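This report concerns selected local features of one protein model. The sequence and the structure are shown first, and the discussion follows.

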Amino acid sequence: MNTALEKGKFVYLDKPQNTITTAAHWGALNVTVENGKVIKSEGSLAKNHQNELQDVVADQLYSPVRVKYPMVRKGYLDGNPDTTLRGRDEWVRVSWDKAFELISTEIERVRRDYGSESIFGGSYGWYSCGALHASRTLLQRYLNVTGGFINTKGDYSTGAVQVIMPYVLGNIEVYAQQTSWHTIVENTELLVIWSSNPLNTLRIAWTSAEPEGIDYLAKLKAKGKRIICIDPVKSETCQFLNAEWLPINTGTDVALMLGIAHTLITENKHDHDFLTKYTVGFEPFSDYVLGKTDNHPKTAQWASQICGIPADTIQALAHAFVENRTMLMAGWGLQRLQHGEQSHWALVTLAAMLGQIGLPGGGFGLNYRYSTDGLNTHSGVRIGSINAGKPNPAMPFFPVARIADALLKPNQPFEYNGQTFHYPNIKLIYWAGGNPFAHHPDTNYLVKAWQQPDTVIVNECYWTPTARMADIVLPATTSYERNDVTVSGDYVVKNIIPMKQVVPPQFEAKNDYDIFAELAKRAGKEAEFTEGKSEMAWLQTFYQIAFEAAEKMNNPLPTFDEFWAENKVLSFDTENKNSFVRYQDYRHDPIKHKLATPSGKIEIFSETVAKMNYDDCKGHPTWFEHQEYSGKTTTAEPLALVTPHIKYRLHSQLAYSSLRQYYEVNGREPLLIHTQDAAARGITSGDIVRIFNKRGQVLAGAVVTDGIMPGTVALYEGGWYDPQDLGSTSPLCKNGNPNVLTRNDGSSKLGQGNAPNTTTVQVEKFEGEAPKVTVFEEPSFITL
Ligand SMILES: Nc1nc2c(c(=O)[nH]1)N[C@H]1C(S)=C(S)[C@@H](COP(=O)(O)OP(=O)(O)OC[C@H]3O[C@@H](n4cnc5c(=O)[nH]c(N)nc54)[C@H](O)[C@@H]3O)O[C@H]1N2
Ligand SMILES: Nc1nc2c(c(=O)[nH]1)N[C@H]1C(S)=C(S)[C@@H](COP(=O)(O)OP(=O)(O)OC[C@H]3O[C@@H](n4cnc5c(=O)[nH]c(N)nc54)[C@H](O)[C@@H]3O)O[C@H]1N2
Ligand SMILES: [Mo]
């Protein structure tokens, strides 16, 4: 790989006096504590762009919606088997000892009566960063040392694309290092930001955000590059860059790409040499595009009818793409769809037709969303992290977004990635560090599914909608109440960051690590869980990996003790000018660097996929009509819904914080609606609106704008579910969780990814007195 490391050394960054250094997904933080209380927090790294997520550490610690004590649902404690009471029962405060006792005896009972294959520990979610206090990994470590559990495959981010890409490119691609930002700034002439909003999404990382990612957007702007954003929403990125906005109907990008491909083929502008040398299967694809196989040529006019972009603009795009060094930078919203696999497959095909894959600043990029991707390996070191231990190989699995089906269809078959599997029979759910009642589509269906198991246990810092739906809730510390260590960026590792405990655990909160260590102890497996190590001993072990790597590179790091005592960010002191170009090696030598596909080449047609014989995924990229989209609206549901990620939160995290002031409308989640669609409904900005369809109904506050495609409305993912009358047929979510409206069905039999952006709805002005949002208040409880 051409990832030559810059020369440089690690130095401590200065920080304001009397601050404590820690970190979160949204960056390294300096926190000021006075009289034992946090009074201020700010980013520790140089920042040219404000990241407000860094300012609210105090809100996170002292939020009234924190879980303060171990809690058990009253009916559960009383032995009432009615699981429909979940989410609307009373809460009873219990002692830690009682909670541990309840959990360990229940897990033992379920294992004994139904086996480990009835315990769900998949527990998807973006729990806080830190190499040690990784709640989901710790839960799985505990479940592994005590016998095993049902896990999941994939994620909600790239559920569809990560399953198709191995057939096309030989790897999942979406988490691979991409052509560096530096290379793009230097070489790209035309940047197409396709279904992506990096100004927002680069604010966070799986580890800790590295602000350099966003700096590169400013550099692109300063260079005056031509930038086009293809998106139903005029995103913050589009606005910041003054880019050309091409509004498109949600879920119709494949049609647009086929229209561009048709233009290129009929004008003979595609790169024959590249296609021959580096790809297989262009011919059947080309026959399909020209309509030879289905009598429907995918002309620019045809595409225009579907995607809403004028035909001459589509042709002009085709010309601009071939005439410039063009980077097709795709986000992931366009694959959180029914048939989501097709979007990126068609995009890679289009890039292959342009023949610029492997050239500096050309081709495609599927991973510029978070983790500061595009900032490539820099310091060359990494730190260690806690692992989930040895999995029990006999345990069943299912694709992560099939959780509701798994619960409702025990032992039934399902298709996935060319094979038939069976859902397990889940008797117990243990969740730590995720929020399925925010993240999973079709909330009402999930409510039903959630009533299936005997027991639901949740470790949480806050009374999230998911905590409210549990039988037993354990109060977890936030990352500011414990010691940990992390880095900035996932590949770049420019900074090693001590995460020093800022304040003691609040109320009765405990660290997930200590919770699972105690449960392991009660199962006689403490030594296997802890390996005899304390918190600090683990951190030292993790740091040591970086220490030794740095020593080998003649770039010594301070000892762990010194690093910890110093409590400052250790930063690699050179600018990252990594000029990595994705697929450059393959372009130079396609034999030596052949891809891990059956042909060793980019597969525009995949025999393997074709042989699966799926009706919803063919052998080459195909336009499929979605069940619900702009082209299939009804009188009852005339609008398409898109559910982007919001600037001022990470999913559902921080929804309770003061950052709400930046986006809430009339106390609720904002709904973006086009001026024409609003006028037709007598809606003005600030109105409370009801958004509804056959699956459910939510309230939100209207934001009337020209910055959205007419006929599409946008409601951000991560809004907390706040049902009025849970238990009724269609409870009204008072706050505006979009997933009350979205479809549970998977992207296709191949990927089975989550597909929330395939949704149609109706919107009306809400008349009368709207019910108050109550989900950010602590639920009342009794103490025995
Ligand atoms: N409609 C729609 N739905 C979507 C998406 C979309 O685009 N549209 N996007 C999807 C995507 S990409 C994703 S990744 C998912 C995200 O879904 P999630 O990852 O489930 O969302 P988060 O809100 O980040 O949930 C993390 C939870 O962990 C808790 N937590 C944090 N730290 C700790 C800790 O130390 N211990 C414990 N026990 N808990 C902790 C937080 O309080 C929070 O409730 O949502 C998906 N859902
Ligand atoms: N601030 C912040 N940053 C985040 C997150 C967060 O919640 N908040 N979440 C993180 C996570 S886990 C993930 S997976 C990534 C998500 O990164 P992405 O998946 O790329 O983010 P989205 O906001 O879902 O989609 C990006 C853009 O695509 C548009 N879009 C949606 N559907 C379509 C479509 O069919 N066609 C086209 N052309 N455009 C479409 C949306 O309007 C949005 O502007 O972001 C990460 N970064
Ligand atoms: Mo994600």
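## Asparagine 754

N754 is buried in this predicted model: its relative accessibility is 4%, and the cut-off for a buried residue is under 20%. The residue belongs to the loop that runs between strand 31 (732-733) and strand 32 (760-765).

Which residues are in contact with N754, apart from its neighbours within four places in sequence? They are D155, Y156, Q335, R336, L337, A401 and P441.

## Asparagines with positive phi

Most residues other than glycine have a negative phi. N295 has a positive phi of about 60°, although it is not a glycine. Its place is the loop between helix 12 (282-289) and helix 13 (300-307). Is N295 buried or exposed? With a relative accessible area of 69%, N295 counts as exposed, because the cut-off for that class is over 50%.

A positive phi is also found at N411, where the angle is about 65°, and this residue is likewise not a glycine. N411 is located in the loop that separates helix 16 (403-408) from strand 16 (413-416).

Five strands form an open sheet in the order 11-10-9-13-14, and their pairing is parallel. Strand 11 (244-246) and strand 14 (363-365) are the edge strands, each of which pairs on one side only. From one strand to the next, the twist averages 20°.

Strands of a sheet pair through backbone hydrogen bonds, either parallel or antiparallel. Within this sheet, strand 9 (residues 190-194) pairs with strand 10 (residues 226-230) in the parallel sense, over five bridges. The bridge partner of I193 in strand 10 is C229.

## Helices against the sheet

Helix 10 (residues 253-266) packs on the sheet and touches strand 9 and strand 10. The direction of helix 10 makes about 150° with that of strand 9.

Which strands does helix 15 (residues 341-354) lie across? They are strand 9, strand 13 (326-330) and strand 14. Relative to strand 13, helix 15 runs at about 175°.

Conventions
Residues numbered from 1 in each chain as written. Chains lettered and ligands numbered in written order. Predicted model: local features only at pLDDT ≥ 70, side-chain atom pairs only at ≥ 80, totals over all residues. Heavy atoms only, no water. Pairing = 2+ DSSP bridges. Helix = DSSP H or I, 4+ residues; strand = E, 2+ residues; numbered from the N terminus. Axes fitted to C-alpha atoms, helices over the stretch in contact; angles between N-to-C directions. Contact = heavy atoms within 4.5 Å. Buried < 20%, exposed > 50% of the residue type's maximum accessible area, 1.4 Å probe, protein only.
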